[in-house]
Amino acid sequence: MICHYFEETSYLIFASDVPPLLYYSHIPVIAIALIVGLFVFLNEPKLKLNRLLLTISVIFSAWTFINLIAWTNINSQLLLGIWPFFAVFSSLLAIYTIYFVRVFATGKDISGDMKWILTLLVLPVLILASTNLSVSGFNISDCDAFGFEGEIYNLYIMVLGVVAMLWAAYDLIRAYTKATVLRKKQILLMGIGVELFLAMFFFFTYIGSYLANAGHTTDSDIEFYGLFGMAFFMAIMGVLIVKFKSFSVGASASTALILALLILTASQFTYVESRTGLGVTAVTMVLSGILAIVLLRSVRKEISQRKQLEELTGDLGRANTRLKELDKIKSEFVSIASHQLRSPITSIRGYTSMLLEGSFGKFPEKANQALGRIDASAKHMTVAIEDYLNVSRIEAGNMKYELSDFNFKDEMSSVCEDVRPAALKEGLVLLFRSDLKGRAIVNADLNKTVQIAHNLINNSVKYTKKGSITVFMRDDIKQKRIYMDIIDTGVGMSQETLHTIFEKFGRAKDASKTNTAGTGLGLFVALKMAQAMGGTITAHSEGEGKGSRFTLELPLQM
Amino acid sequence: MVLSSLAKYSMPISILLFLTLAAGATFVRFTVQQDYMVQYEIDCDSSQSSCFVGCEDDECTETYDYAYKFRYAKSIFEQCGEDITDCDAAQTCAAGEAKCSDLFCDPTDELNECSTLDDKDSSLEQSV
């Protein structure tokens, strides 16, 4: 049947006897929705949120396109063929908006159950689309089917729209309460965009249909205004893309999007003929221009920041590679040099010891003093070489650990006994205390554990001028950990030193004044060894001159 | 593998399936079977019935009287084809035709502008 009161359509959507706002409200909105949807999708097709935004854009565009066909065509069969799909696409729009908002709010896909709930909500609309409940006839005089639409069917679509609005609001409010400040801004923007879009779309289309159905209007051109909700929604998506990097779209790509949208708006001047259309287009152009300037500024700033960051990252990367190379060369050099030095030093210490013991006859007192200094220096050198070799082994991953069960308390007590004469010589008291609840058995490398303890207690002796050093053993059966605290009344450390004390060559600022022989490697080696055995070492000090506490922690063998 | 993919995409698959079925059913009903009602204006004699008043132009300088006819699309298509403009058969119901009725203007309805004639009641007369 042909609506004989109306003019023929050309190219499916072009007719002369249509309201001037028709093309303005439909074509640019379809283009904007599809451009933004496709653009976001093509930038990151695997992202669920991007796929859903494209789905919403396509459904909305489909609705708007069949609406354009309904406004311009005069064939009843064609019009009735598409009429049920207003309800179908509206319901799909409602459920996919719920889906989209949930994924945006939670950052993950919805559950299978929720997918079924959403599908079940839309199924009645699909199943009943071709029945009289949807549409039963056609008015050739008005060239529409408003008078033949099913009221219950229409009401269900409106209810779906309200459900979508409430559901989206609930999800967004819930996410908002748990979000960070930056995320809250994104959620707020999304909330405004989605709610306004749904409200405008469902309110105006339903109201348009209702008024025409009730005979208050012959046309439902009020629904045109509902479509602008999508343009607003997409503008909000644009802000989310550019300002908050939502949908993982790059900054330069965003610029292209803004320009495309501006060109699209400007292109309307070529086909909008009415004065109203031209006026509205001009206002839109100005508003879009302002928005574009704001967005482009933000993009330009980001691009420049990103460039700077890329340059810095490149420089840092090159510097890091060079440093690694140098570090490797240094380690190799230290390893070779240390091995080369160890043999002559051993020889020097051996012969010095023999000379001091009188194996080569008696020497005058002054010569013995000199020999004593040679022996002490050679000892320091041996320790230093051992440290260098240990660092080389650790960095090359060649340090070997022979794990066995032993009594940690007994071994640490022995270490204290070994160090006590040296402490007494310096006028210090070395105390050993324990508050153990368990058997204090650990599974670790005995020699290395003893080496760590020696290092820590000797350090305390070296950096304590007067007072005492207390070695305190304690355990935590629940956590299966054992601790040895070495508490001294020595020079203490600043917070700055505490941060660097375990680094290679990380000595305190004035450490050389107190201990000239230190290499700055002992604590680094001790920590690496402790960590390799499942433990750690921590340091604590109230400040310079206020003493310090080092804690060696190892796992307990239960 | 295929089953898990089906489960994963059950929502879009179900929707697409029902959407296709709905499109098919709609096409068959409205295009092939022409199973729907049509409503159109018919001539109305204001001396006999209460008629709706229509405007000939935008300024409504000239008016005309009309009533509405409701008919089954297939019936009228068989008589008049696509265009009912010059089809006299469109003005009346065929003998024994079901689902054929006229709607005249209801003066009690404020939304309607009816032709002003004495003792005209709005009526929906079902023709035989």
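Helix axes are taken here as lines fitted to C-alpha atoms over the stretch in contact, and the angles between N-to-C directions run from 0 to 180 degrees. The structure is a predicted model, in which local features need pLDDT of at least 70 and side-chain atom pairs count only at pLDDT 80 or more, while totals for chains, interfaces and linings use all residues. Residues are numbered from 1 along each chain as its sequence is written, and chains are lettered from A and ligands numbered from 1 in the order in which they are written.

Chain A contains 16 helices and eight strands; these are DSSP runs (helices H or I, at least four residues; strands E, at least two), numbered from the N terminus. Of its 558 residues, 36% are buried. A residue is called buried if 20 or more other C-beta atoms, placed from the backbone, lie within 10 Å of its own. Two residues are in contact if their C-beta atoms, likewise placed from the backbone, lie within 7 Å. Among the contacts of chain A with a separation of 6 or more, 72% link residues 24 or more positions apart.

A nonpolar core is a set of buried Ala, Val, Leu, Ile, Met, Phe, Trp, Tyr and Cys residues joined through C-beta atoms within 7 Å. The largest core has 94 residues, and those with the most contacts inside it include Val88(A), Leu93(A), Phe100(A) and Met230(A). Helix α4(A) gives the most to this core, with 17 residues. Leu93(A) touches Ile56(A), Ile59(A), Phe60(A) and Trp63(A), leaving aside residues up to four places away in sequence. A second, separate core of 38 residues includes Met412(A), Ala444(A), Ile452(A) and Val525(A).

Helices α12 (residues 408-425) and α13 (residues 446-462) of chain A pack at an angle of about 35 degrees, with their axes 10 Å apart. Among the residues making this contact are Met412(A), Val415(A) and Val419(A) of α12(A), together with Val450(A), Ala453(A) and Ile457(A) of α13(A).

The remaining topic is the interface between the chains. Here 29 residues of chain A are in contact with 26 residues of chain B. On the side of chain A, α3 (76-82), α4 (84-106), α5 (112-127) and β1 (137-139) each supply at least two residues, and α5(A) provides the largest share, seven residues. Strand β1(A) runs parallel to strand β1 (residues 37-43) of chain B and is joined to that strand by three bridges; strands pair if DSSP finds at least two bridges between them. Within this pairing, Asn139(A) stands opposite Gln39(B).

How values were computed. Buried ≥ 20, exposed ≤ 12 C-beta atoms within 10 Å, placed from the backbone.
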